[in-house]
Amino acid sequence: MAASTDQKKRASQGKPHFLKNLTHFKLSKHEQSMVIREAFLHIAMLKFKIEALRRKYEDFKIIRREPLHQFQEVKVEKIGQNFQVKIKSLKADNKLVNILETFEEMGLSVAQARASCRVSFDMEAIVVPQSKDKLWSVDDMIQTLVKSLVKPNGTL
């Protein structure tokens with residue numbers, strides 16, 4: 001009897017204690033080792049998943065710490081000769097003034113506009129070219145408007 005308990009102790013010494021309890025029911029040695037391998041595999045996969053989540057969390061923390069631009073969204077659509085401009089941004093001083101000055105510098109007149117500063121700065125406008133000499137592309141307008149949102153007098 002002492003010999004069989006010593007063999008059991010030696011055989012189970014390599015197994016973690018929580019896996020010993022899993023193999024107390026009637027399984028052959030091969031089935032027990034398969035259960036243990038599957039458990040180790042499952043644990044290893046969970047560790048990989050946890051590590052991936054930690055990396056995502058660290059990346060998220062880094063992104064949140066980096067200074068973000070004060071604009072969140074700038075959309076421009078061309079409607080015939082006119083442009084529809086939608087801007088959503090965090091509130092800051094002189095946003096509206098900077099945008100209107102930019103329209104003026106671009107040779108655009110504001111035909112209709114709506115702006116709100118309750119929670120964030122939101123603006124929708126329809127702008128019309130003052131002359132047909134200068135034609136603006138949608139991408140150029142977006143770049144110019146983004147620059148106007150981060151102008152020094154509309155600081156970050």
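Predicted model: local features only at pLDDT ≥ 70, side-chain atom pairs only at ≥ 80, totals over all residues.
I read the elements from the N terminus on as α-α-α-β-β-α-β-β-α, helices being DSSP runs of H or I with at least four residues and strands runs of E with at least two, numbered from the N terminus. That comes to 5 helices and 4 strands.

Residues are numbered from 1 along each chain as its sequence is written, and side-chain values use heavy atoms, with hydrogens and water left out.

Next I checked burial (buried is under 20% relative accessible area, exposed over 50%, partly exposed in between, with a 1.4 Å probe and protein chains only). Buried residues account for 20% of the 156 residues.

Then I turned to A92, which I found in the loop between β2 (82-89) and α4 (95-105). Its relative accessibility is 30%, so I logged A92 as partly exposed. Its C-alpha atom lies 7.9 Å from that of F121, 29 residues apart along the chain.

My last stop was D122, in strand β4 (residues 121-129). I logged D122 as partly exposed too, because its relative accessible area is 28%. Which residues does D122 contact, leaving aside its neighbours within four places in sequence? I found I87, K88, S89, R114, A115 and S116, a contact meaning heavy atoms within 4.5 Å.
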